[in-house]
Amino acid sequence: MQYSVGVEYALHCLVYLIGVPSKESIGIKDLAEFQGLSETFLSKVFAKLSKAGIVSSVPGVKGGYRLSKSPEDISFWDVVEAVEGPKPIFQCKNIKDNGYLNRENCCTSPSSCTINLVMLSAEEKMRDFLRSKTLAWLNEELDRVLSKQIREDTWKYFSKSSI
């Protein structure tokens, strides 16, 4: 199992939007430049975040994006689901119903797949954990693990770019 790099970029960029005053926004160009990636790629990620109601776009020359919800109300799972979609990781094909024993017993009705039930249960536990981690939590964690200078330089970069 692997999530696309879009999830990681989305989470990083969303943290940068936390400190943006409500009347302001950060442009996709500035977010992409800061992360060292293409605007086109990040625009696609932000289109998904916007569609999911996580960010809202501000049109115009000074336009960009800002959070649509409080950082406490945006979970890691919200971001994963917005970027990756709601499809389960494990895709059960119910192969047991096509196996030799079921071909011979045409009257046997399909039953639940134990493997699928286990995989879906594991995915739900992962989703619950990701739902418990929010952007507010991430922001606090970054304050704890990154130097004060790095955090200040980041805020300065984006406060200059939104002027």
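**Exercise 1. Salt bridges**

State how many salt bridges the rule gives, and examine the one between E123 and R127.

*Solution.* First, apply the rule: a salt bridge is a side-chain nitrogen of Lys or Arg within 4 Å of a carboxyl oxygen of Asp or Glu. The count for this predicted model comes to seven salt bridges. Next, take the pair E123 and R127, whose side chains meet in a salt bridge at 3.6 Å, N to O. Helices here are DSSP runs (H or I, at least four residues), numbered from the N terminus.

Local features need pLDDT of at least 70 and side-chain atom pairs pLDDT 80 or more, while totals for chains, interfaces and linings use all residues. Residues are numbered from 1 along each chain as its sequence is written, and side-chain values use heavy atoms, with hydrogens and water left out.

**Exercise 2. Helix packing**

Describe how α4 packs against α6 and how α3 meets α4.

*Solution.* Two packed helices are described by the angle between their axes and the distance between the axes. Axes are lines fitted to C-alpha atoms, for helices over the stretch in contact, and angles run from 0 to 180 degrees between N-to-C directions.

1. α4 and α6 pack at about 120 degrees, with axes 6 Å apart. F76, W77 and V80 of α4 meet R127, L130 and R131 of α6, where contact means heavy atoms within 4.5 Å. These residues divide into four nonpolar, no polar and two charged. In this scheme Ala, Val, Leu, Ile, Met, Phe, Trp, Tyr, Cys and Pro are nonpolar, Asp, Glu, Lys and Arg charged, and the others, Gly among them, polar.
2. The axes of α3 (residues 39-51) and α4 come within 8 Å and cross at roughly 115 degrees. V45, K48 and L49 of α3 touch V79, A82 and V83 of α4. This contact holds five nonpolar residues, no polar and one charged.

Notes:
Helix = DSSP H or I, 4+ residues; strand = E, 2+ residues; numbered from the N terminus.
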